Amino acid sequence: MELLGFLRIGLTLVTATAMFVLGRKLDSLPVRGVKLVWTGVGLLVLHMLVGSIYHSELIREPWLREYMPYLGFVTGYIGQTIGLIAIPLGAHSMIKTFSPQLRESLRYHEEFVHSLNGIVYEINSSDFRFTFVSDGCRNLLGYSREYWLENITWDRIIHPDDLDRVINYCSAAIQENRNHTIEFRALRSDGRVIWLRDVSAVIQVPGEPGKVRGVLMDITDHVDKEAALLKSEHKYRTLVEHMNEGLLQVTNEDVIVFASPRFCEMMGYGTDELIGTVANEILVPEEYRSVITRKNEERKNEVADSYEIPMVRKSGERIWVLISGAPVKGPDGSVVGSMGILSDITERKRLELENQSAIAQIKNLFENLNEMFFSYDTIRHRLLMISPACEKIYGRTQDEFYGNSSLWKEIVHREDRTMVESFEKQLFAGTPAEWEHRVLHTDGSIRWVESKVTPSFDENGVLVRIDGIATDISDRKTAEAALLESEERYRGLVEQARDTILTISTDGFITSLNRAFEVTTNHKRQDWIGRSFTDILHPDDVTKAIDALTKAVHGEPNDMQEFRVRAQSGEYITIEVTSTHQAQNEGSSHLLVIARDITSRKQLEENLRQTQKMEGLGTLASGIAHDFNNILGIIMTHASLLENPSTRDALLEKGVEAINKAVRRGAHLVSQILTLARKTEFSPRALDPTEAVHEVSRMIKETFPKTIEIVEDLSVSDRSIVADSTQVLQCLLNLAVNARDAMNGKGILTFRTDLVPRSRLAEFPNLQSEEYVVISVSDTGSGMDEKTLQRVFEPFFTTKEPGKGTGMGLAMVYGIMQGHGGFVDVESAVGVGTTFRLYFPATNDFPERSEENLAPTPDSLKGSETILVAEDEPLLAELVHTLLEGNGYEVCMAHDGEEALDLFQGRRHEIDIVISDLGLPKLNGVDLTRKLLELNPETKIIVASGYLAPESRSELEGQGITEFLSKPYKAGELFEAIRRVMEGSRARIASNLAEKTS
C-alpha cells in the first residue's frame, strides 16, 4: 500500500508539472477562456493530489491527520466546485473565439480544393458513382461539375486499354480497405488522351455507405518526359556500348566507377577487374602518373581538355591513347569525378613519326620550288607541312598557316568557297580532287590557284592524311578569262563534254542533262528530265544504284561504280559513274553525277581476256596437234585393217571399239578447247573444285611434255564453289602454263585442294566467308626472288623473253579471283619452286549430276515419220540417211540451207521432223530454223552442231527449239532425240484437246 501511495502521488505531481508547462505555452495564444479553463483543471488536479496524500499510509503524524480534513474540504468542495464552474465558462469563451476562425479556415480550404490543378472527388464504393468533384474537372477533362455528377462514370473517362486494369485494381483496394495510387490514360471530351494519377483513400464510417475520396492529377508531361528520358538513356547506352572509342569514369580519387566494353577490350581487362581500382596505378606507366594526377586536379576546377598519353594493357603492352576528359558533377553541382573518351592512337603515333621524317625530306627537296606543297593530318585536323612557296602564292608565311589551320579557307574568294567546300568533302570521302579557285593575296590582288590533292589511307583503309600541291596559275587564268566570263560559256563547256553530266535530286529524280547524254543513249534530254534515274537502269543494277544514291546523300564516300543503262535501241551500254553531293542555297542539295560510256573499253577488256585464253591455247598448240595426230593415227590404222577382207572379221569388234574410244577422246579434247576459247558471259554456278582440277589435269596431260609429272592431291570432297567454270579453267590453265615454263619442260606439277577456315586467314582483308576452298598449283621450277614477287600480278609485267608472253596471264588470274569474291596469293623462293593458291568462298551447293537412263529397247527407237535432214558433210549425211532409213524413217536429204527450205516448202504437210546442222552453206542453221517456223510454227526441229555459241543457243531456244545434238553424236543419241521430240508433240496435242473438250 505504501508503494501504491508513492505511485499515486508521483503520477499526480507529474501531471501537475505537465499542466504547468502546457499552461505557460497556451498563455501566449490569442484565445479567450484558456486561463479560466486551465485554472479549473488545476483545482481539480490539486484536489486529486490532496486526496492521494490523505488516503496514503505516509501520514503518521497526528497533527497532520487533524488538519487534512480541513484541507480536503477546501480542495474537495470549494476547489472542485469552482473548477467545475470555471471549465464550462472558459470553454464557452474559447468556442466564441474559434467560431469565426473555423469558418474562415473552412472557406480557405474549400477555395484551395476548387483551385487545385486537378480534381478532388468522392465516389460511392458500391457503384463507383461520383458524389462530389471539384471545379478543376472542367480544366482537366472538359466536363462541367453538373454534367460530371449526373452522367460521368469511370468507363466514360478511362482509356479502353486501361479500363480493366484500373477497375480490378481499385476494386481489390476497396475490398481490402486500403488507400491506393494508380496511373492510367484518360479520354478528354475533345478526344485527346492524357495521363492521370489517382491518389485515393477508402472511408468506412459505421452505419454509412463506403466512400472513396481522392485526387486526380494530370501527369501527361511527366509521363512524356519519363518516356523521353528512357529513350534518351537507351540511345546513349547503345551509343556507349557500340562506340569505337573507350569510355572511362573515375572519382576525384581516380577510382574507376565505370568502364565501357570497348575500353575493357582496348586494355585487355574484364569489367570486374577494373571497377573499384585506381586507374593511375594499374593503367598508366609510372613516369606518366603525375600527368594524370595533375589532370584530375584540373577537373576539380571544371577544366575539360584533350591530351595524349601512353597506357599499359593487361598483357604489359604499351599503347598510345588520346583522352578527351571532362568533369562529372554531382546533384549539388560540385565536381565528383572525371569522364574520359579514350581512342587508341598507337598506329597514328607511329605514322606521325614517319610523317615527320617525310616532311623534313620534302621541305629540303622543295624549298625553292614555285609550287606549294602541303600535308594535312585528317585525324588531329592540323597542318603537318607546308612549303615556303605559300608566301609567294598567298602572301602568308608558313607560321601564319601553322598557327591557323583554317587560314586557307579564309583567304579563298567568297564566290569560290562553296565549290572549294564541295571538293573538301570529296577529299574527306576519300576521292582525289583537282580544282581551280581564287584567293586573296596580302597585296590586295586576286590570284588564281590550281590545287591537286590526294587522300592517303592507312592499312585499315582509314583516311589519315591529305597531300596536295598548289600552283599559281594567275597568268594562265588571265588568258582564259574570256572563256569563263559568263555562266552561259560554262554551260557550253558542259554541253561539249564527252561524258554525260547530270544532276539528280536527293529523292532520285533527274534535274538536268547535257548533250552527251543524247549522243551516248540516243534518248532526248527533255524525255528524261523529271523522271527517276532508276527508269533507265538495267533492273539488276537498280538496288546497287539506290544504295549508292543514299550513301552520297548522307555524305558517305562512294567509289567509282559501273552501271548498265538502256539506250534508245533497247540495248544496254555500260557507264562508269562518279557522284558528288552538292549543297545549294536555302539548304537544298543535289547530286552532281558524271557518267562515262565504257562499253568499248569493256569490250576491249573482254577481247583482252579472250586473247589471253587464245594465248593459253597457243602454248598448248603443239601438244594438241600431237594428240590429234595420235587419235587420227589410231582411227586410220584400224580403218585400213578393216578394209582388208582377210583381217576384217577377226579385227572388226576390236577395231570398232578402238575407233569409238579415239573418237570420244578427240571429241573430249575439242570440247575442252571450245570451252576455253569461246566467248561467254560471266555465269557463276555451283562447281565441284575436284572436277575442275580433273578437267585441267586431263588437258595438260595430253598436251604437256611427258617429262612433266602431273600430281593430284585432292582432299576437298564435301564442299563446292560458286564460279564461272570457263574462268576457273582459264586461271588453272594460265598457272599450269607458267609452271611448265618455269620448269623448262621437266619437273613435278602438283594440284592440291584444301578447305581453310576463316580464322587461319586473318592476314587477308575483307573476308566474306567462314570457309574457303583453296586450289593450289605448285611447281618445282626456278622460283622467284622478292622483287619479282612484288610485281607478279601487275599487268604487262613478265620475266619471259619478248614474244614469249604478254604478261597479262597472272593479272587476269588476279582480276578473275576478285570477281568471284576470292583472292590469290603466291609463295616462292629462288631454286625451290612456286606455289599459287586460289581462295574461293566455300558452299554446300553441289551441281546437279544427271543419272544415266537405261537404254530403251530398239523397238522404242524406231519410227515411220518423214524426216528432213540438212547436212553439208557428204559422208555424215550419207551415214545419217542410212541409219534413219534402217530404223523405218522416210528421209529427205538437203546439202545446204536453201535446198532444205525449198524441200520443206514443197512437202511441209508430209515432213514431221527437221534435223539441221548449224553451219550450213548459203543459209545458216539459225536463219533456216527461223524461216521454217515462219512457214509452220508447229514444226519440230532438232539442231546439231560441233559448237553452239551461247547467243545462238539463246536465240534458238527463244524460237521454241529444245533439242540439241553435240557432234560427234552416237546413233542412239540421234534416235532418242527424235522420239523425245515426237512424244513431246503428242503430249501437247493431247493437252490442247483436253482443254478444248473441257
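This section describes the salt bridges of the predicted model. Residues are numbered from 1 along each chain as its sequence is written, and side-chain values use heavy atoms, with hydrogens and water left out.

The structure holds 48 salt bridges, a salt bridge being a side-chain nitrogen of Lys or Arg within 4 Å of a carboxyl oxygen of Asp or Glu. One of them joins Arg318 to Glu287, with the closest N and O atoms 2.8 Å apart. Arg318 belongs to strand E9 (residues 318-329) and Glu287 to the loop between helix H11 (279-282) and helix H12 (289-300), so the pair ties together parts that are 31 residues apart in sequence. Helices (H or I, at least four residues) and strands (E, at least two) are DSSP runs, numbered from the N terminus. Arg318 has a relative accessible area of 45% and is partly exposed; Glu287, at 49%, is also partly exposed. Buried denotes under 20% relative accessible area, exposed over 50%, and partly exposed the range in between (1.4 Å probe, protein chains only).

A salt bridge also forms between Lys409 and Glu424, at 3.1 Å from N to O. Lys409 lies in helix H16 (residues 407-410) and Glu424 in helix H17 (residues 417-428), so this contact ties together parts 15 residues apart in sequence. Lys409 is partly exposed at 35% relative accessibility, whereas Glu424 is buried at 19%.

In the salt bridge between Arg531 and Asp535, the closest N and O atoms are 3.9 Å apart. Arg531 is partly exposed, at 33%, as is Asp535, at 35%. A network of salt bridges links Arg294, Lys295, Glu298, Arg299 and Asp305.

Methods. This is a predicted model: local features need pLDDT of at least 70, side-chain atom pairs count only at pLDDT 80 or more; totals for chains, interfaces and linings use all residues.
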